[in-house]
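Reader: I am new to this structure. Could you show me how to read some of its features?
Author: Gladly. Have a look at it, then ask.

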Amino acid sequence: MLTRLTVLLSLLFIISIAALTHVAYAQTQKLPKTKLAFDLPGADWSLADSMKTKTGMRIYSYKRAPITDSEGRNIIPNIACLIEKVPKETDIVEYSAEKRGQVPFDVKEVYSSLDSNAVIHHPYAVAYKGTYTRDDLEHTVYVVHLIDENWGVQIICDATTEVFPICQPEFLKFLRSIRSSAKSNRTMEQHTVEEK
């Protein structure tokens, strides 16, 4: 009887630890240096790396547990957040156009926070869905540019096109959870976002 009770208590302990670990992933994460917060898409995701470049840009890279594709390759989807100081008067459309030129990809869709199917709800952001090819593998990405006070932020959600449908709900959960405690009078209504 004592052995069964010990086993039962041990199982309850393991379940409670697992529940606490699961809750930890649902907790709000803060993007350092900014007033932005977000939720990781699930327990498969974690911060993999952070660094500061010589130009002062900060890069935070989140990786997902690997997904095996049809060729048996372990594909690791990732989310990168690049943060840099910008003047407070920076225009989101101009900022986005400049950043798109630095990270080439074929744009398939463009979104603003005003769209009914918005990828991100931040009021001063532009989002794209697109593709690019690296090492003979096509990738599908969500690329988001946003201004939050005097921070310019680029977010890249990247996976190979084959596994993208598995990651897409996770990417959208992450992007739609992004919020800011900054007060801003900026609005996307002033702008018309056009594909270039």
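**Reading buried residues and salt bridges**

Author: Start with Arg64. Arg64 is buried, because its relative accessible area is 10%, under the 20% cut-off. Keep in mind that this is a predicted model.

Reader: Which side chain does Arg64 meet in a salt bridge?
Author: Asp44. The two side chains come to 3.2 Å, N to O. Arg64 sits in strand β4, while Asp44 sits in the loop between β2 and β3 (45–52). They are 20 residues apart, so the pair links distant parts of the chain.

Reader: Is Asp44 buried or partly exposed?
Author: Partly exposed, because its relative accessible area is 40%. Buried would need under 20%, and exposed over 50%.

Reader: How many salt bridges does the whole structure have?
Author: A search finds seven. One of them joins Asp39 and Arg179, at 3.3 Å, N to O. That pair also links distant parts of the chain: Asp39 lies in strand β2 (residues 36–39) and Arg179 in strand β12 (residues 179–180), 140 residues apart. Arg179 is partly exposed, at 33% relative accessible area.

Reader: What about Arg73 and Asp69?
Author: Their side chains meet in a salt bridge at 2.8 Å, N to O. Arg73 counts as partly exposed, at 35% relative accessibility. Asp69 is buried, at 7%.

Reader: Which residues do shared partners join into one network?
Author: Asp44, Arg64 and Glu170. Glu170 is also among the buried residues of α3.

Reader: Which way do residues on a helix point?
Author: An α-helix has 3.6 residues a turn, so residues three or four places apart point the same way. With that in mind, look at the buried residues of α3, including Phe164, Cys167, Phe171 and Leu175.

Reader: Where do I find Pro66, and what is it in contact with?
Author: Pro66 is in the loop between β4 (58–64) and β5 (67–68). Leave aside neighbours within four places in sequence, and its contacts are Asn74, Ile75 and Ile76. Pro66 and Ile76 are ten residues apart in sequence, yet 4.5 Å apart in space, C-alpha to C-alpha. Pro66 counts as partly exposed, at 47% relative accessibility.

How values were computed
Residues are numbered from 1 along each chain as its sequence is written. This is a predicted model: local features need pLDDT of at least 70, side-chain atom pairs count only at pLDDT 80 or more; totals for chains, interfaces and linings use all residues. Side-chain values use heavy atoms; hydrogens and water are left out. Helices (H or I, at least four residues) and strands (E, at least two) are DSSP runs, numbered from the N terminus. Buried means under 20% relative accessible area, exposed over 50%, partly exposed in between (1.4 Å probe, protein chains only). Contact means heavy atoms within 4.5 Å. A salt bridge is a side-chain nitrogen of Lys or Arg within 4 Å of a carboxyl oxygen of Asp or Glu.
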